[in-house]
Amino acid sequence: LKTVANLYEILYRNDDMSFESLQLLYLTHMQITELESQGKNSEDVIRKHLERAFTCASKATTVSEHKLTHPLLFGWNIQDAPSDNRRILRWFQAELNKDYLNAYRNTPWLQELKQNCHQKLS
């Protein structure tokens, strides 16, 4: 999963990708987070991937029609985000309340992520 996320980061510079690709990258980072919480349970890794997932969810709300300029993707057309462009943010908000994050429930960084997500949804 980490390799898939890294490939997306290389291929789609500055998160210049479609809503669907941002959704896939978001889901990948959330899967990494959940697996990490069940394994090594490294707070730094969990925090990094949650923050990255939030970035993907946030950027998905602003995707607009354009053509990609990366040499491997040159000319690919990106469509506007769907009318429900906040659905990934809602998923993220729900995910932050799941049991696998209980150990981090009171950490300042998780509280900040919750607050930022709430603001984006308001």
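1. A word on the ground rules. Residues are numbered from 1 along each chain as its sequence is written. In this predicted model local features need pLDDT of at least 70 and side-chain atom pairs count only at pLDDT 80 or more, while totals for chains, interfaces and linings use all residues, and side-chain values use heavy atoms, without hydrogens and water.

2. Have a look at helix α3 (residues 43–60) and helix α4 (residues 87–95), whose axes lie 7 Å apart at an angle of about 155°. This makes α3 roughly antiparallel to α4 (angles over 145 degrees; axes are lines fitted to C-alpha atoms over the stretch in contact, with angles taken from 0 to 180 degrees between N-to-C directions; helices are DSSP runs of H or I, at least four residues). Residues in this contact (heavy atoms within 4.5 Å) include Leu50 and Phe54 of α3 and Phe92 of α4.

3. Tyr26, Leu50, Phe92 and Leu113 have the most contacts inside the largest nonpolar core, which has 33 residues (buried Ala, Val, Leu, Ile, Met, Phe, Trp, Tyr and Cys joined through side-chain atoms within 4.5 Å). Helix α3 gives the most to this core, 7 residues.

4. Arg52 is buried at 15% relative accessible area, whereas Glu9 is partly exposed at 30% (buried is under 20%, exposed over 50%, partly exposed in between, with a 1.4 Å probe and protein chains only).

Key
Helix = DSSP H or I, 4+ residues; strand = E, 2+ residues; numbered from the N terminus. Parallel < 35°, antiparallel > 145°, perpendicular 65-115°, else oblique.
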